[in-house]
Amino acid sequence: MFTRYVIVVICLALPLGAAAQSLNVSAQGTASGNDVPAFILAEGPVSFGNTRVSFSSGTVIRDFLDYGVSPDLSVVGFLSAAGGNIALVMDSEGDTLAAFPVEKFSPDDPSVAIYPAGTGAALVRSNIAGFSFYNSFGQIITRVSSSSQSKGGEAISEVAMDPLAQTIVIYNPQIKRDGRLGSQAQILNASNRLEHIYSNPGRIIKDVVVSDNGQFIILLTASSGSDDEVVIMDRFGNELNVIRTAEDIKDARLSESAEYITLLSTQRVLAFDVLKGERLGSTSLRSPLIAAQYFPEDEIILAMTGNSSPSTGAASNIEFHAIHLGKRQIARKGLGSPIRFNKAIRHDLVRTGKSRYRLEGANRQIEIRASF
């Protein structure tokens with residue numbers, strides 16, 4: 001154990017304190033390897049399978065082409081081609097909020113997707129670059145195309161938005177022009193038209209994150225032979241800062257106040273001041289990262305590591321790590337049982353009280369308490 005602590009100290013560049021520290025972890029939900037796991041959403045568990053989705057109320061949905069879950073885990077949307085191109089929007093208990101016809105799409109098109117919001121509104125992708133936005137009554141608000149018109153081709157356009165769909169970003173992760181890979185990002189503005197906020201002929205967009213309050217946009221960009229760049233903007237696309245790092249950044253999370261940002265690579269977590277761009281602390285871990293967040297109220301970086309399978313969503317050898325930057329101490333605790341994730345459901349580490357946290361968006365709700 002002493003050797004393991006020495007490794008962490010080197011990575012953190014911090015001396016380890018001698019005071020006692022601990023991490024308590026408890027889980028709710030089924031730990032079985034069920035092929036149709038139940039994920040804990042806002043109003044209860046929902047089971048997602050390849051051919052059926054079951055709600056706690058007993059409602060079962062079949063014959064869907066795609067489903068999506070709102071970022072706040074309160075709404076589930078479905079697209080179906082049975083009897084026409086139909087969207088079904090439901091709350092997380094299985095009650096129908098709206099059912100309405102949508103823009104024509106091909107049932108064989110792998111790009112067809114639905115992105116519901118916590119308000120009951122929904123954005124529907126009918127092809128690689130065509131989108132339609134519907135309000136909570138199923139009335140169409142706007143139709144837009146994010147096509148770059150590049151003769152070299154482009155990847156399927158992706159979507160990032162806040163839980164209430166106040167800020168919607170539609171972005172082309174990769175656009176090929178003149179033998180180079182670039183990208184672009186656009187926002188759906190107040191006039192319900194797409195407005196460019198980012199365009200770069202030599203950098204791809206790996207991911208886009210919109211803050212929960214809809215006020216900030218984070219673009220994770222990369223280019224072969226150069227550092228990754230994390231571009232931080234306000235909701236109108238005004239650039240606030242760019243953080244550059246040699247790490248291969250996989251994910252980013254803003255603190256609740258949006259003053260701090262947490263960056264994740266495969267096995268490293270970095271915490272930065274958003275406006276100053278100053279690094280507050282970092283840590284390297286032996287196992288692959290699944291989630292991490294810096295909580296400035298507690299001066300703690302909380303990280304979750306484990307071995308996960310993108311194809312099944314299963315994660316095993318789960319371990320939680322709490323690094324107190326102020327006291328220069330670390331605590332860790334294993335979960336002891338596997339959990340499952342779903343690519344349509346956002347998972348987050350959230351603060352529930354002083355040094356108390358919760359993992360949300362998995363098939364088990366994990367409570368974590370740190371003591372330093």
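**A quick tour of the model**

Let's start at Ile-339: setting aside its neighbours within four places in sequence, this residue is in contact with Met-304, Gly-313, Ala-314, Ala-315, Ile-318, Leu-359, Asn-363, Arg-364 and Ile-366. Keep in mind that this is a predicted model. Its protein chain has a mean pLDDT of 91, with 93% of the residues reaching 70 or more.

**Nonpolar cores**

- Ile-339 belongs to the largest nonpolar core, a group of 23 residues, and is among those with the most contacts inside it, together with Met-304, Phe-320 and Ile-368.
- Six strands each supply at least two residues of this core: S1 (22–28), S26 (289–295), S27 (300–308), S28 (314–324), S32 (356–360) and S33 (365–371).
- S28 gives the most to this core, contributing four residues.
- As background, nonpolar side chains in soluble globular proteins tend to be buried together.

**A four-stranded sheet**

- Four strands form an open sheet in the order S18-S19-S20-S21, and their pairing is antiparallel.
- S18 and strand S21 (239–245) are the edge strands; each has a single partner strand, so one side of each has no neighbour in the sheet.
- From one strand to the next, the twist averages 20 degrees.
- Within this sheet, S19 and strand S20 (residues 228–234) run antiparallel and are joined by six bridges.

- Ser-211 sits in the loop that lies between strand S18 (204–210) and strand S19 (216–222).
- Is Ser-211 buried or exposed? Its relative accessible area is 9%, and because the cut-off for buried is under 20%, Ser-211 counts as buried.
- The side chain of Ser-211 reaches the backbone nitrogen of Gln-215 at 3.3 Å.
- Not counting residues up to four places away in sequence, Ser-211 touches Asp-162, Phe-216 and Leu-254.

**Where to read with care**

- The pLDDT is below 50 over residues 1–18.
- Beyond near neighbours in sequence, that stretch, residues 1–18, has 27 contacts in the model.
- Where pLDDT is low, predicted coordinates should not be read in detail.

How values were computed
Residues are numbered from 1 along each chain as its sequence is written. This is a predicted model: local features need pLDDT of at least 70, side-chain atom pairs count only at pLDDT 80 or more; totals for chains, interfaces and linings use all residues. Side-chain values use heavy atoms; hydrogens and water are left out. A nonpolar core is a set of buried Ala, Val, Leu, Ile, Met, Phe, Trp, Tyr and Cys residues joined through side-chain atoms within 4.5 Å. Buried means under 20% relative accessible area, exposed over 50%, partly exposed in between (1.4 Å probe, protein chains only). Contact means heavy atoms within 4.5 Å. pLDDT is the predictor's confidence in each residue, from 0 to 100. A polar contact is a pair of N or O atoms within 3.5 Å; within protein, one must be able to donate a hydrogen and the other to accept it, and residues adjacent in sequence count only if both atoms are side-chain atoms. Two strands pair if DSSP finds at least two bridges between them. Axes are lines fitted to C-alpha atoms, for helices over the stretch in contact, and angles run from 0 to 180 degrees between N-to-C directions.
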